[in-house]
Amino acid sequence: MQLFTREQKECSYSSGISRQEALVLENATRDTGTNRFIYITAAIAALNGLLFGFDTGVISGALLYIDNSFGLTHLMQEIIVSPTLVGAIVGAAAGGRLADRLGRRRLMVAGACVFFVGSVVMAFAPNVPALVVGRLVVGFAIGVASMVGPLYNSEIAPPKIRGSLVSLNQLAVTSGILLAYLVNYVFKGPGGWRWMLGSGVVPAAALALGMLFMPESPRWLVENGRLDEARSVLSRTRSEDRIEEEIENIEETAQVEENDASTLLESWIRPALIVGVGLAVLQQVTGINTVIYYAPTIFKSTGFGASASLLATVGVGLVNVGATICAVLLVDRVGRRPLLLVGLTGMVLALGGLSAVFFLPGLSGVVGWAAVGSLMFYVGFFAIGMGPVFWLLISEIYPLQVRGSAMGVVTVANWAANLLVSLTFLTLINGGTFSGVEFGGIGQTGTFGLYAVLSLFSLLFVYWKVPETKGRSLEEIEADLRGGTSGKYADASGETAENAD
Ligand code: BGC
């Protein structure tokens, strides 16, 4: 693409700008143009995150009214929340292979269509089993989306803006949750749950249509021998002098990646696997989705009406988006570890507060507001640290050679831990029956107290095990891992990180 004519260049040389400066200016202008195209493409692909967030948030409000329609026990509520997570585990596990076979773009379009169909099934469900089938179908689409969205964005992005593009996905997740909370508020009322769940067709159609006009990942094209198409995509996302170099890089990495899965079992990878799987599980067992899925139910239990509970939940969604924006702006400046450590400290305090709120007697008038306050703090601190930094770190700490399969394992672990928490939350609070034997629950105080203790454990895990990746190239991170400086394998105190700045 020729951005400057010869006359314009000559004119700029004669107007006092050196030839070299003019070339830098030309490259910068060309980069701005290509960056704009990449940002638009990445924003459309981030609709995958929006779908993931939308479904995560929409079930919370829908549950209030599904309960009226079908009369649900606690166990049945958990059974309605959970199939999506089972579907997501399968979708995340199958996502990598499907992405290789169909291509990233076609898989995203197919995933959006599956999501569309699942939303229609849920909207018209005549009974609980039909609803469960719809949730399973939608879950499969979300599992695929949670994997292929970041994968596509990281493949389409030039290295220097890869960090912000990966974080764009978490911003889309939280925006999807907020959108769902607003939809829940708009459609509140008996039977409104059908509209809430059915409105997922809108973002699904936007993703499917949007992706039809977007390019295939150049990396997938090269791997499938479609070099000319790859060149033509790269000509829209890279300046011309970088195209051939990039194609060669992709070809080289593609060769190294052949023995992907078996390398994952080698001992030098283990510290990174412990960090990734550890963070994936801890991100969930500290209870975030009990709040995201059940916030209106929690608010209602503190004495709010259905409408006020939904409005308070919109507030939770706003805090989630706001704090995620702060994290995205701060993460490259202050680093990953400080955000994780501050976020987890805040989570311990907020969860401790929430546990106490439900314990203190005679607070019935203010208990609702105290619960709202603690929940907001909790979600805010999650969104500053564990929310975005987990997804960012898992895209950074694995050597290219195993990145695909390692991210697959970690994503499945994240969804599985999510399922465990969602299946046990209400039962932990209220008790239940197992094989005909009744058992008591530990109440809200005990449950949130448990999440506070697990957050404290996470704080120690991050302190001892998680490396700082700020300012370090992926090659440096890989070298630390190969060097086997066991445990927290990079210098987390930041000395080397600062040198790299
Ligand atoms: C988590 C989701 C959660 C969301 C909340 C994400 O990082 O993986 O499970 O629902 O954050 O914002």
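**The ligand shell and an aromatic pair**

Biologist: By class, how many residues of the shell around the ligand are nonpolar, polar and charged?

Modeller: The model is predicted. In the shell around the ligand, no residue is charged.

Biologist: Which residues are the closest to the ligand?

Modeller: The ligand is surrounded by 13 residues. The closest of these are Q170, Q283, Q284, N289 and W391.

Biologist: How far is a polar side-chain atom of N289 from an oxygen atom of the ligand?

Modeller: Polar contacts are counted within 3.5 Å. For Q284, a polar side-chain atom is 2.9 Å from a ligand oxygen atom, and for W391 an N or O atom of the side chain is 3.0 Å from one. For N289 the distance is 2.6 Å.

Biologist: How much of the ligand does the protein bury?

Modeller: The space that the ligand takes is the largest cavity. Taken alone, the ligand exposes 310 Å², and the share of that buried by the protein is 99%.

Biologist: Which helix gives the most residues to the shell around the ligand?

Modeller: Helices α7 (162-186), α14 (270-285), α19 (386-394) and α20 (400-430) each supply at least two shell residues. The most, 3 residues, come from α7.

Biologist: What is the geometry of the aromatic pair formed by F52 and W391?

Modeller: The structure holds 11 aromatic pairs, one of them F52 with W391. This pair links distant parts of the chain, 339 residues apart, with F52 in helix α3 (residues 47-70) and W391 in helix α19. The ring centres are 6.4 Å apart and the planes are at 80°. Planes over 60 degrees apart count as edge-to-face, so the geometry of F52 and W391 is edge-to-face.

Definitions and conventions
Residues numbered from 1 in each chain as written. Predicted model: local features only at pLDDT ≥ 70, side-chain atom pairs only at ≥ 80, totals over all residues. Heavy atoms only, no water. Near = heavy atom within 4 Å. Polar contact = N/O pair within 3.5 Å; in protein donor to acceptor, adjacent residues only side chain to side chain. Areas by Shrake-Rupley, 256 points an atom, 1.4 Å probe, with all protein chains shown as cover. 1 Å grid on protein atoms, 1.4 Å probe; cavity = no way out; pocket = protein on both sides within 12 Å on 5 of 7 lines; lining within 4 Å. Sits in = over half its atoms within 2 Å of the grid points. Helix = DSSP H or I, 4+ residues; strand = E, 2+ residues; numbered from the N terminus. Nonpolar A, V, L, I, M, F, W, Y, C, P; charged D, E, K, R; others polar. Phe/Tyr/Trp six-rings, centres within 6.5 Å; stacked < 30°, edge-to-face > 60°.
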